[in-house]
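Please keep the sequence and the model side by side while reading.

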Amino acid sequence: MNSSKSYKWIVLVIATLAQTCATFVTYGVGPLATFYQQSLDLSQFETGLIVSAVNIGPIFSMIIFGDLMDRYGEKWSIGVGAILLGLSMSLAIFANDFYFLLFILLLVGVWYGTAQPGGSSIIVKWFPKRRRGLAMGIRQIGIPLGGALASIILPFMYFTFNLNGAIITQSIVVIAGGTLFLLIYKDIPLSSNHQKEQQIKLMEKINAVRKNKSLYPIFYIGCSMISVQLIIVAHLMSYFNNELDKELNVAGMFLSIALVGGLIGRVAISWISDSLYQGNRETPLQITILLTSIVMVILVLLPENTTNFLFAVVTFLFGFLGMGWFSLFIVLLSERARSELISLTVSFGLTLNQLFIVFSPAAFGFIVDMTGNYVFPFILLAIVVLIGPVWLGKSSKDNLNAQHPKMKSRLF
């Protein structure tokens, strides 16, 4: 193992790059959905299924890959996973049938299951607690960055070459990222005790994660806040257009402002937890969720004649908080996991998140259709997410009391 101080920053760079390249493919399916629609003559429903398919894939793979990373390290899982992700995406050039395309994108999503849990495990292993939040925040930039690059580059490649040119571009980018990761990254050798513990069967490990009740409020926070994040992406633009009668270009501008806020928030909130809270993840995460609920309610209660500047400020804060929470969530989940089960625990939590990534935008849209407005669904969502910080606070207090019963008796 290269234990030099500089190498951990090299690790951070290549982990971020690997995440960016992987997301360039999966998020890139969104910008290309319209082009698939034209080339295959798809309905709006079928076009939506294209995006859903790539998000369903990780549900079936993340737990398995998380276990493999805990057993053998991250190098080969992430590196080879990225290469297979690219090779799978390249098969889309042969997709002249909608159902074959769906199968390919499901396969692409399966290989994407190596990216998130592996990168998170790397940060926890290589960075000390006081620097871990910032490092995780920087790595998480790879997700919106990969999506932003895909939205810029892939349409250009489509119009310059054709749909196959855009697909090949996705494949080359992620294969290059995976190859670079394989060449540079060095796994931290497992201790003998760690190796013995990894002989336990997968179902026994899953049961160990399931029995860790301190993880439950974090799982809830992940599911509820990832719903906020996806609803921002899927419905914020529609809210401004349909509810407030903003023109589409203005509504799109507000969505862009929210996404920029989210990118900044992922680093800034993590840095705050490292610097101002000395590595405490729980308190800043609780505050972030509370403020997300407040800003969400403010947004939908602002009158239609509110200036675009004020809408922009509130929307930026909504993205900053409603997307910036994720890095703290990943670090807290990793730190509460057993040391030999970090990747599996993160994979377990992200698999639950993935279910809500697939279903929450549709559920929110259904409630909007039923109520005929966006105010009630957003306020309901604000109430739902507030359960998370309350539950987390109670869980932390119970854990503290269990660890220090004598202290409790002295205080009360």
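Predicted model: local features only at pLDDT ≥ 70, side-chain atom pairs only at ≥ 80, totals over all residues.

The overall form comes next. The secondary structure of the protein chain amounts to 20 helices and 0 strands. Along its principal axes the C-alpha trace spans about 65 × 50 × 40 Å, and the radius of gyration of 21 Å agrees with the value near 22 Å that a compact globule of 412 residues would have. Buried residues account for 53% of the 412 residues. Where contacts in the protein chain join residues at least 6 apart in sequence, 82% of them are between residues at least 24 apart.

The surroundings of F318 can be followed residue by residue: with residues up to four places away in sequence left out, F318 touches V228, I232, L236, T292, V295, M296, L299, M323 and F378. F318 also belongs to a cluster of aromatic residues, in which ring pairs link F318 with Y239, F240, F254, F311, F364, Y374 and F378.

The structure holds 23 aromatic pairs. One of them is formed by W126 and Y185, whose rings lie 6.5 Å apart from centre to centre, with 70 degrees between the planes, an edge-to-face arrangement. W126 lies in helix 7, whereas Y185 lies in the loop between helix 10 (163–184) and helix 11 (192–197), so this pair ties together parts that are 59 residues apart in sequence. Both W126 and Y185 are buried.

Helix 8 shows how a helix can be surrounded by others. This helix, residues 129–140, has 12 residues and reaches 17 Å from its first C-alpha to its last, which is close to the 16 Å expected at 1.5 Å a residue. Its buried residues are R132, G133, A135, M136, G137, R139 and Q140. The elements that cover these buried residues include helix 1 (5–26), helix 7 (115–126), helix 9 (142–160), helix 14 (248–275) and helix 17 (326–336).

Two further buried positions lie in helices towards the end of the numbering given here. L350 is found in helix 18, residues 342–371, and counts as buried because its relative accessibility is 4%, under the 20% limit for burial. Leaving aside neighbours within four places in sequence, L350 is in contact with M62, Q116, P117, F326, F329 and I330. By way of scale, L350 and E204 are 146 residues apart in sequence, while their C-alpha atoms are 19 Å apart in space. S395, for its part, is found in helix 19, residues 375–403, and is buried, with a relative accessible area of 9%. With its neighbours within four places in sequence again set aside, S395 is in contact with S214, P217 and R336.

D245 lies in the loop between helix 13 and helix 14, and its phi is near 60 degrees, a positive value in a residue other than glycine. Is the side of the chain at D245 buried or exposed? D245 is exposed, with a relative accessible area of 60%. Q278, which lies in the loop between helix 14 and helix 15 (282–301), also has a positive phi, of about 50 degrees, although Q278 is not a glycine.

Technical notes:
Residues numbered from 1 in each chain as written. Heavy atoms only, no water. Contact = heavy atoms within 4.5 Å. Helix = DSSP H or I, 4+ residues; strand = E, 2+ residues; numbered from the N terminus. Expected span 1.5 Å × (residues − 1). Buried < 20%, exposed > 50% of the residue type's maximum accessible area, 1.4 Å probe, protein only. Phe/Tyr/Trp six-rings, centres within 6.5 Å; stacked < 30°, edge-to-face > 60°. Rg over C-alpha atoms; globule rule 2.2 N^0.38 Å.
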